[in-house]
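Hello,

Please find the structure below. My notes on helix packing and aromatic rings follow it.

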Amino acid sequence: EFFLIYKSNYTAKMIDSAAKNQGRYQFYFNFRVSFIPYIFNNFIIYKIISAGFVILTFISSFILIKRINLNLAYLFLLLLLVLYPSTLEHNLIMSYPVFLQIPWLCLMLALEFFLQSLENKNYTKLKLLISAFLLYIAILPYEQFIIYFVLFFLLSYFYKKPIFSVLKYHIIAILIHLVTYISFRFLFPSNYTGNEISLHGNNFINALKVIWTYSTAYFPLKIFYYNFFEDKAFFLNFDNLSSSTYFYILIGLFSSFQVINILNNLKNINHSKYYVYLSLFFIFIPTIPFAITKKYQDWVLLYNSHSY
């Protein structure tokens, strides 16, 4: 179906309509990127392209975290492999191949170029420009992705570099995105409840519930707990579980033992408490833009959604 859409003349009209309907200029780029796996009318090629981008995001994340600690990088990779597909609910990253992998990959590369520049006494203008451009691509999919700019600010502070000098291109990239986004929203007001603020009446309390629900979903075993102990339908259909479900259960058990072994080897990580604070920040804060919209308030409160 997507292959036929890609090959038809309807693609441009569909992208234009979606962008204007949601007030998101980014769709002119994002939607075209999302069609990459469907260029060929072949399921195997589609899977190769999709899986290839997933693997690239894993590798890029591993290389970046290895700068801090090798065992920490192995832990991250292990948890990523286990938690990536381990939900029976809507899985945003797995549902849209390439659409989110490219921004993820761009963010990792942007951080890598930025770090290389900071580690050089005479930080290069070219690497900073490349980093800023990659950051711009990385923040396009969703409004809250702009929060990742905090990482660049913190790195500048940590390396004791003049913040404006090393971040001026990144700030320009952020401003270009914000000005374009706000202007486009002004010209084409959104008709999509997923990016419209809704905080009147009891919706503020509802927003707090969404923040708590979606944030705690990041914690290990939260989805496992929901599937096995809260969702009675899961037990009622336990005899009819697919072979892939049993496979993930076995992988989860094996990985649990590996996580314990890796944690025992995690020693002498400098500034470890700051990594904990940063992790908590990126667990709770990015859920706020979801929480203040009616769509996701309904998903959590009316449809019992536990993760996104």
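Helix H7 (residues 101–119) packs against H9 at an angle of about 15°, and their axes are 11 Å apart. Helices here are DSSP runs (H or I, at least four residues), numbered from the N terminus, and axes are lines fitted to C-alpha atoms over the stretch in contact, with angles from 0 to 180 degrees between N-to-C directions. H7 and H9 are therefore roughly parallel (angles under 35 degrees).

This is a predicted model, where local features need pLDDT of at least 70 and side-chain atom pairs count only at pLDDT 80 or more, while totals for chains, interfaces and linings use all residues. Residues are numbered from 1 along each chain as its sequence is written, and side-chain values use heavy atoms, leaving out hydrogens and water.

In the contact (heavy atoms within 4.5 Å), H7 contributes Leu107, Ala110, Leu111, Phe114, Leu115 and Leu118, while H9 contributes Leu151, Phe152, Leu155 and Ser156.

On the aromatic side, there are 16 aromatic pairs, counted when ring centres of Phe, Tyr or Trp (its six-membered ring) lie within 6.5 Å. One of them joins Tyr148 and Phe282, which are stacked at 5.3 Å centre to centre with 10° between the planes (stacked means planes under 30 degrees apart). Tyr148 lies in the loop between helix H8 (125–138) and helix H9 (149–158), and Phe282 is in helix H15 (residues 272–284), 134 residues apart. Tyr148 is partly exposed, at 27% relative accessible area, whereas Phe282 is buried, at 16% (buried is under 20%, exposed over 50%, partly exposed in between, with a 1.4 Å probe and protein chains only). Both residues belong to one aromatic cluster, whose members include Phe99, Tyr142 and Trp299.

Regards

Methods:
Phe/Tyr/Trp six-rings, centres within 6.5 Å; stacked < 30°, edge-to-face > 60°. Helix = DSSP H or I, 4+ residues; strand = E, 2+ residues; numbered from the N terminus. Parallel < 35°, antiparallel > 145°, perpendicular 65-115°, else oblique.
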